[in-house]
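Q: Could you go through this model with me, one topic at a time? I would like to start with how the chains hold on to each other.

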Amino acid sequence: MIEFNGVSKNFGATRALEQFSLTVRQGLVYGLIGPNGAGKTTAMSILATLQLPGAGTVTVDGRDVVREAGEVRGRIGYMPDFFGVYDDLRAAEYLEFFAAAYHIPAGQRSHLAAGLLELVDLPDKAGVYVDSLSRGMKQRLALARCLVHDPKVLILDEPASGLDPRARAEMKEIIRHLKQMDKTVLISSHILPELAEICDEVAIMDKGKLVACGTVAEITAVSRGARQMRIEVLDRAEELAAYLATRPGISDSHADGPSVQFIFSGEQAEQAGLLQAIITAGWPVAEFGEVKRNLEEAFMAVTGEEAANDGGN
Amino acid sequence: MAEINPVLLKELRQRFRNKKASWLLALYLVVIGAFVLGFTYLNWRNAPGFYQPSRSQEIFILLSVAQLFLLAFVTPGLTAGAISGERERQTLNVLLTTRLTTWQIIWSKLVSSNAFVVLLVAATLPLYSIVFLYGGISPGQVAGVFGFYLVTMFLFGCIGVACSAFFRKTGVSTVTAYGLTFALSAGTALLSVFLIELDRSYRAGASAASSLPLPPDFITGVAQFLQETNPIFVLMEILGTNSILNDFNFGLPYWGVYTVLYLAAGALLLFWSARLLFPRKNN
Ligand SMILES: Nc1ncnc2c1ncn2[C@@H]1O[C@H](COP(=O)(O)OP(=O)(O)O)[C@@H](O)[C@H]1O
Ligand SMILES: [Mg+2]
């Protein structure tokens, strides 16, 4: 449904996107994850026909975003990371205005606006001026606005940023609903746990490049090369942390009360060898194991490696 | 039936709903009304009891020129934030992802702002009736003046819209739009007066001027052309004061030159503004 093909985009010396390729299948909720400046917004605004790619092609439902921009616009609903609403316009009028902007016949607009306000849980706000709505409500109204022309694809740039936990939960609920409506949703965030719950698949990007993509479970597995380990000892935890720091394949070793945490990269056999060495050296080991990581830590591990590789070059 | 452009409808709704609109209208009428009534009062005090057509002619000229100055003041101000304002409020991107064309967006912005200016001008019609009361003015002259206002506000509005599409900041756009409007209104007048003086000294055979590289006919031609593109000269001419040079025939009457030039320049500015909203390779 969405296809990026070797897309590059420079802003002066800044490489916002570099040979970025990504395929999003129809009906998925797809998360685009990366730290600030990774190029998420750039990728999304190229998809939304607002910027031209420097190189490469982008298609939505088989239509090219440059040559068939009009066709693409009819198929996407785009919510930018930062957006404003108009003064002196009521919520229903706001939606009706955009309905008109998508050539929806005049007779259907008010009915459509009422239905959308219902969908985003603002049914009693039709007559309220949009600039007086709370941030969470504006965000939901903007989401309703994305849906006026019943697009197949939704592009949501950081829709949860700046929202309180309750408003976030509501936003997630609406996105789940969109999935049931068989929309393809591309959603970006730099806050990971959020996406893990609602996304079918995620892509991790950093410095304009795709670092990894797949299901949440796959991503967590990809980053297994570097594992977060935890050892609990009866005493001398500080000493153990210092000892571990001297061993190969171990980084970020630190004591935390009676336990020591570190990042270990190596095979199962090396892990066994490490445990043996610690016991032989006389530490009273009570527990030894891998810390189950969530997506966020997996992400840190993946982008961290990327950064380390860059540094080595 | 063709439907009214959605941006235009939205703009009109926003503009006329805003309290600022009624304040501006009131202020406009107060300024221009005070001007005319004050002048009439002075007239009456100096020569109480009777009125001369030449006096009402004077009031008509004053009123019309005052209105031109107010237009030059109001129109760029209303349009110079049309696009940059949407950018600053972060509403432009969303608008550009709809099925609206950039041309529709630009055109609606201009029409909605100018609709308001037309309202301002129309609201001053009762003041013109005072002038009519005294006689000495033909309805054709009044129609000419209002036609002149429409052409003039079109170009002034286009200048504002183009500045707002070109500059990111409304502040910069507003200053530039006023600057260009001023250059068009005062700059062309000053330049034409300068050229006429130059021509005069040349014809007088002053030795310093006889080294001029340009033929004198060319200079007066340029001066006349400048006058025919200058709103103040053209308005005075419509008001019957014979202020424009009449040495050359450009194939069109002075108001024809003015109208064609202003409408064409405005249309070009609008096309350029619409192009500025297309996505670009860089930036
Ligand atoms: N209009 C622009 N002009 C110059 N640099 C830009 C522009 N937009 C983005 N960039 C740069 O491109 C990089 C990617 O930005 P962006 O796509 O906004 O990242 P993200 O949304 O992932 O935070 C950043 O380094 C940013 O500074
Ligand atoms: Mg961003």
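Q: How many salt bridges are there across the interface of chain A and chain B?
A: In this predicted model, the rule finds 3 salt bridges across the interface of chain A and chain B. One of them is formed by A:Asp87 with B:Arg89, and the closest N and O atoms of that pair are 2.8 Å apart.

Q: How come side chains like that pair up at all?
A: Side chains of opposite charge can pair when their charged atoms come close.

Q: And how many residue pairs are in polar contact across that interface?
A: Across the interface of chain A and chain B there are 13 residue pairs in polar contact, counting pairs where both residues have a pLDDT of 80 or more.

Q: Which helices and strands of chain A each supply at least two residues of the side that touches chain B?
A: Those elements of chain A are strand S1 (2–11), helix H2 (69–75), helix H3 (91–101) and helix H4 (106–119). H3(A) gives the largest share of that side, with 5 residues.

Q: What classes of residue make up that side of chain A?
A: Sorted by class, the side of chain A that touches chain B has 19 nonpolar residues, along with 9 polar and 9 charged ones.

Q: How many residues does each chain bring to the contact, and what area is buried?
A: Chain A brings 37 residues to the contact and chain B brings 25 residues. The area buried between chain A and chain B is about 2900 Å², and carbon and sulfur atoms give 55% of it. On the side of chain A, the residues A:Leu50, A:Tyr86 and A:Asp88 supply 21% of the area that this chain buries against chain B, which is more than any other three residues.

Q: What happens just after H3(A)?
A: Just after H3(A) comes A:His103, which takes a positive phi of about 60 degrees.

Q: New topic: how many salt bridges are there over all chains?
A: A search of the whole structure finds 27 salt bridges over all chains. One example is A:Arg75 with A:Asp61, where the closest N and O atoms are 3.1 Å apart. That pair links distant parts of the chain, since A:Arg75 is in helix H2 of chain A, while A:Asp61 is in the loop between strand S4 (55–60) and strand S5 (63–64), and the two are 14 residues apart.

Q: Are those two buried or exposed?
A: A:Arg75 counts as buried because its relative accessibility is 17%, under the 20% cut-off, whereas A:Asp61 is partly exposed at 24%.

Q: Which other salt bridges in chain A link helices?
A: One is the salt bridge between the side chains of A:Arg140 and A:Glu170, at 3.3 Å from N to O. Here A:Arg140 sits in helix H5 (residues 135–146) and A:Glu170 in helix H6 (residues 165–180), 30 residues apart, and A:Arg140 is buried with a relative accessible area of 9%. Another is A:Arg176 with A:Glu197, whose closest N and O atoms are 3.6 Å apart. That pair joins helix H6 to helix H7 (residues 192–198), across 21 residues. A:Arg176 is partly exposed at 32%, while A:Glu197 is exposed at 51%.

Q: Which residues are joined into one network?
A: Salt bridges that share partners join A:Asp61, A:Arg63, A:Glu71, A:Arg75 and A:Lys152 into one network.

Q: Zooming out, what does the secondary structure of chain A come to?
A: Chain A has 11 helices and 14 strands, and buried residues make up 50% of its 313 residues.

Q: Last one: what is the mean pLDDT of chain A?
A: The mean pLDDT of chain A is 87, and 90% of its residues reach 70 or more. Over residues 306–313, however, the pLDDT is below 50, and that stretch has 4 contacts in the model beyond near neighbours in sequence.

Note on methods:
Residues are numbered from 1 along each chain as its sequence is written. Chains are lettered from A and ligands numbered from 1 in the order in which they are written. Side-chain values use heavy atoms; hydrogens and water are left out. pLDDT is the predictor's confidence in each residue, from 0 to 100. Contact means heavy atoms within 4.5 Å. Buried area is the accessible area (1.4 Å probe) that two parts lose on being put together, summed over both. A salt bridge is a side-chain nitrogen of Lys or Arg within 4 Å of a carboxyl oxygen of Asp or Glu. A polar contact is a pair of N or O atoms within 3.5 Å; within protein, one must be able to donate a hydrogen and the other to accept it, and residues adjacent in sequence count only if both atoms are side-chain atoms. Helices (H or I, at least four residues) and strands (E, at least two) are DSSP runs, numbered from the N terminus. Ala, Val, Leu, Ile, Met, Phe, Trp, Tyr, Cys and Pro count as nonpolar, Asp, Glu, Lys and Arg as charged, and the others, Gly among them, as polar. Buried means under 20% relative accessible area, exposed over 50%, partly exposed in between (1.4 Å probe, protein chains only).
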